[in-house]
Amino acid sequence: MSSFLASLTLEHWLFYPLALLTIAGALGVVLARNPLYGALSLISTFFFLAAIFILAGAHFVGILQIIVYAGAIMVLFLMAIMLLALDAKALGRRRVTLFKLVGGLFSVGLVGLALSFLGLRQGARGPIMWIRIPYQKLPEGFGSVAAVGDLLFREHLLQLEAVSLLLLVAIVGAVAVAKGKI
Amino acid sequence: MPSLPSPSLLTLAATFAPGVILEHYLLLAAILFAIGMLGVVTRRNALTMFMSIELMLNAANLTFLAFARVHADLSGHVTAILVMAVAAAEAAVGLAIVIALQRVRGTTNVDEVRTLKL
């Protein structure tokens, strides 16, 4: 047992609590009756997820997660929710339908499927595809702004430009749709 | 239901994976994706459904980053950034549609919106 504890790295000690908090925040999004509480829960989820990204060596993406998701996108969500000013009547009461039950069971089944993949590791039937991938040693500066930016602007320039065009279209489209008279 | 790996197995895993093993990252991503799917399927409020879609996009991002770390390949990071930009575009247009819906129909319940024209 002590050898097991000694084998744990800082990443282990941080990952599992953060994973639990992320799952709790995500459940808060789905279970909150009022979207405003759901949005606040989602912001906390994004922060925990950003910490997990950084644990996985994605420093730049983790910071972007906080700036873009927890900052920009969630502010947009909160503005929209407050603009709509949903009251209890507009939210309606909780209804359980057959469709929702089947969908819920399906979602839980997805987690069960993922768990069964995890269990296959011990199976005698041999490893499934990804299991024996040894971790490559991370090079110096892995996940830094310089390294990611270099790859982004050298090899993925076309995708970057396509996304920038998409964002432009989205901006114009959002204004055109939300602007009353079309 | 298969049992979780025993401690001895985890120590074995630690010998070739420094830190958390890949499967646990993937399992977290799967759980997040399932929760997001649960939200899309069981909630009828358009705003909550959008937030659930954001959750699913983040689960996909986590998978990209976990594999990027295992292979020490930064392409996964680039993909995650592109996914984030697409998510921002999707949120902007989606929220504009929800606000237009609220103005024209007076509801954000997707079950009450059945036709495109008024």
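Visitor: How many salt bridges does the rule find across the interface of chain A and chain B?

Guide: Look for a side-chain nitrogen of Lys or Arg within 4 Å of a carboxyl oxygen of Asp or Glu. Here the interface of chain A and chain B has 1, and the count over all chains comes to 3. By the way, this is a predicted model, where local features need pLDDT of at least 70 and side-chain atom pairs count only at pLDDT 80 or more, while totals for chains, interfaces and linings use all residues. Residues are numbered from 1 along each chain as written, chains are lettered from A and ligands numbered from 1 in written order, and side-chain values use heavy atoms, without hydrogens or water.

Visitor: Which residue forms a salt bridge with Glu11(A)?

Guide: That's Arg69(B), with the closest N and O atoms 2.5 Å apart. The pair runs from helix H3 of chain B to helix H2 of chain A (helices are DSSP runs of H or I, at least four residues, numbered from the N terminus).

Visitor: How much area do chain A and chain B bury between them?

Guide: Interface size is often quoted as the accessible area lost when the parts come together. For chain A and chain B that's about 7900 Å² (1.4 Å probe, summed over both), 79% of it on carbon and sulfur atoms. Chain A puts 89 residues into the contact and chain B 83 (heavy atoms within 4.5 Å).

Visitor: At what angle do H3 of chain A and H3 of chain B pack?

Guide: Residues 35-55 of chain A and 46-71 of chain B pack at about 5°, axes 11 Å apart (lines fitted to C-alpha atoms over the stretch in contact, angles from 0 to 180 degrees between N-to-C directions). So H3(A) is roughly parallel to H3(B) (under 35 degrees). Phe46(A) and Leu55(B) are among the residues making this contact.

Definitions and conventions
Helix = DSSP H or I, 4+ residues; strand = E, 2+ residues; numbered from the N terminus. Parallel < 35°, antiparallel > 145°, perpendicular 65-115°, else oblique. Buried area = accessible area lost by both parts, 1.4 Å probe.
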